[in-house]
Amino acid sequence: MCGIVAAVSAGGDVAGDVLAGLRTLEYRGYDSAGIAVLADGGIEVRRKMGKIAVLERELAARALPPSPLALAHTRWATHGAPADRNAHPHTDDAGAVVVVHNGIIENYRELRGLLQAQGHAFRSETDTEVLAHLIGHLLREDGDLHRAVRRALDRVHGAYALVAAAAGRPDLLVAARRDSPLVIGLAEGACYAASDMPALLHRTRDFLVLENGETAVLTPNGAVLYDGAGRPVERPPVRCDWTPEQAEKGGYPHFMLKEIEEQPDVLARTAFDRLRDDEGDVEFEPGFDLDDQALAGFRRLRFMAMGTSFHAALLGKLMLEELAALPGDTLNASEFLYSPRLPEEDALTVVISQSGETADSLRAMREVQARGGRVLGVCNVRGATLEREADHVILTHCGPEVGVASTKAFFGQVTALYLLALRVGRARGVIDRDRGRELLADLRRLRPRLDALFGPATAAPLAAAAELLAPAAGCLFLGRCLNHPIALEGALKLKEISYIHAEGYPAGEMKHGPIALISPEFPVVAIATPGRTHDKMLSNIEEVKARAGRVIAVGLADDRRLAELADVVLPVPEVPELLSPLVNVIPLQRLAYETARRLGREIDQPRNLAKSVTVE
Ligand code: G6P
């Protein structure tokens, strides 16, 4: 994961500031930490394997000179084992450039080979050191750090948030971002960069959030942003208040809307640092602690959760069966207590909870453990009870979710469960390296495709669908196979925030009862994206239309048959069927939001609900 903090100020010493911010980012990685400052025309680095406390002891023993510029990093190893030499910051061999980086440079081997051929010697196994050398090499050519960073990034494939500085320029930092988060903090006489806002709240509430593909030049006087083509970008800063909730709201009218729009970033944050693209495999942080042998030893996996997380659990089971050919079962966590005691030794129970504090889910976890079973917690909040008490942990890294109706946390959970299913499939030998690579490439390709879900072409159909739903007394959400849980989630979102009664059903079940409800006043939302269920979904839509029902469909914009049948099509991009739930849930979240907004509902705090339900 890795956390970054950097500062440049008009004078004084910023190392203390930077370390204070770094401590709040330790949740992002903690196998090593480091800091660099500029002094006497050169770069001074301290970096140590272990937690930030180890680095602090090193700094007490070998103090850094005071410096108006500092960059710091807390690492979660991707390339190269945790070791002092692999810890960030990294410099080039001339000691002219220093870099901190979060993400993965996919083509680092190729770049390293090219640089070695030109005489560069490397001291670590990291992809980041390659970046430092490449930037240093280009800096020597024309002396401009921003240009050198941009030219280096033109040659790089992968995900990054990075900050660079050059020896002899204590007034300048260059930052860049693609797929990994980075914010810029603005203060009087100083400018900061960090992986998240809370890391800088001790110094500023004014932030510029760097967008994908942008770079920034930071000086004590402020920051100038540049787009991918190198054109300056004007963007007013976002003002943060002190409470964490407000700090996350930005300019959005509701947290829910912001969190819906954050989902493309959630994909990168939950998944990308964990992908071992070359091996076609996934590597979780040490808290996961299940090796191939342990994973291959389980005869079944059980998925338990509540609310929206329960819908992720349903998908977890389906993905496990698809990718690992292992039976899964799903149980609402509140029901487990009453279930008969079956042998647990050969099973792994996956408990999924955004907050990690939901009482029913915790109770189920403890009951599994009391029966001799092991629990893998999938959780968004570091330090939550689920994270602390589960035997194994996957953090979803979605960032704080404030809207009561869960959106981005669900997206992160489903992403994590896809990774888990793939990992189990690899451990069991069901997925070979080539297939693993394809599945990871599918996930990486999904990121840019998600942008289409928020594009201008989605606005008119969304408005038409919300107009159609707002006066309805109730409605039905239909999906099949991997999109049955998405139908359930779409219905839950709508009822939670609009108070319109909505039911999710497997579409095949419609004829066994719900069809009696169909009328012009009782619309149907049908998920009809490509895949093995597409034809059957179109048949279901025909059946609804034959009974004067109105249909909002989620499907491809160029699906002619669907366009002819449905009253409105919420367009989605085409993606592999296994990833379609991640795409299809987004228009349904937006539909719930738009409908609730038309009805004037309290979107972020719907009546009678709570974000974290801590009673059984
Ligand atoms: C509450 C929230 C839901 C959430 C559920 C489970 O009902 O309103 O949005 O899905 O709790 O929460 P958890 O934190 O365990 O995922």
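**Around the ligand**

Biologist: How far is a polar side-chain atom of Ser 309 from an oxygen atom of the ligand?

Modeller: This pair is a polar contact, that is, a pair of N or O atoms within 3.5 Å; within protein, one must be able to donate a hydrogen and the other to accept it, and residues adjacent in sequence count only if both atoms are side-chain atoms. In the model, the polar side-chain atom of Ser 309 and the ligand oxygen are separated by 2.5 Å.

Biologist: What kind of model is this?

Modeller: Residues are numbered from 1 along each chain as its sequence is written, and side-chain values use heavy atoms, leaving out hydrogens and water. Local features need pLDDT of at least 70 and side-chain atom pairs count only at pLDDT 80 or more, while totals for chains, interfaces and linings use all residues, since the model is predicted.

Biologist: Which helix gives the largest share of the shell around the ligand?

Modeller: There are 13 residues around the ligand, where near means having a heavy atom within 4 Å of it; Ser 309, Ser 353, Gln 354, Ser 355 and Thr 358 come nearest. By class, the shell has four nonpolar, eight polar and one charged residues. Helices (H or I, at least four residues) and strands (E, at least two) are DSSP runs numbered from the N terminus. Residues 307-324 give three residues to the shell, the largest share, and form helix α10.

Biologist: Is Ser 9 buried or exposed?

Modeller: Ser 9 is found in strand β1 (residues 3-9), and a polar atom of its side chain lies 2.6 Å from the backbone oxygen of Gly 11. Buried means under 20% relative accessible area, exposed over 50%, and partly exposed in between (1.4 Å probe, protein chains only). At 8% relative accessibility, Ser 9 counts as buried.

Biologist: Which residue's backbone nitrogen does the side chain of Asp 604 reach?

Modeller: Asp 604 lies in the segment after α20 (580-598). Its relative accessible area is 6%, so Asp 604 is buried. At 3.0 Å, the side chain of Asp 604 reaches the backbone nitrogen of Met 256.

Biologist: How far apart in space are His 133 and Gly 95, C-alpha to C-alpha?

Modeller: His 133 is found in helix α4 (residues 127-142) and is buried, with a relative accessible area of 0%. Gly 95 is 38 residues from His 133 in sequence, and the C-alpha distance is 9.3 Å.

Biologist: Is Asp 40 buried or exposed?

Modeller: Asp 40 sits in the loop between β2 (32-39) and β3 (42-49). Phi of Asp 40 is near 50 degrees, a positive value in a residue other than glycine. With a relative accessible area of 85%, Asp 40 is exposed.

Biologist: Near what value is phi of Cys 481?

Modeller: Cys 481 lies in the loop between β23 (474-479) and α17 (484-498). Cys 481 is partly exposed, at a relative accessible area of 30%. Phi of Cys 481 is positive, in a residue other than glycine, and is near 55 degrees.

Biologist: Is the peptide bond from His 88 to Pro 89 cis or trans?

Modeller: Pro 89 is found in the loop between β4 (69-75) and β5 (90-91). Omega of the bond from His 88 to Pro 89 is near -5 degrees, and the bond is cis.

Key
Ala, Val, Leu, Ile, Met, Phe, Trp, Tyr, Cys and Pro count as nonpolar, Asp, Glu, Lys and Arg as charged, and the others, Gly among them, as polar.
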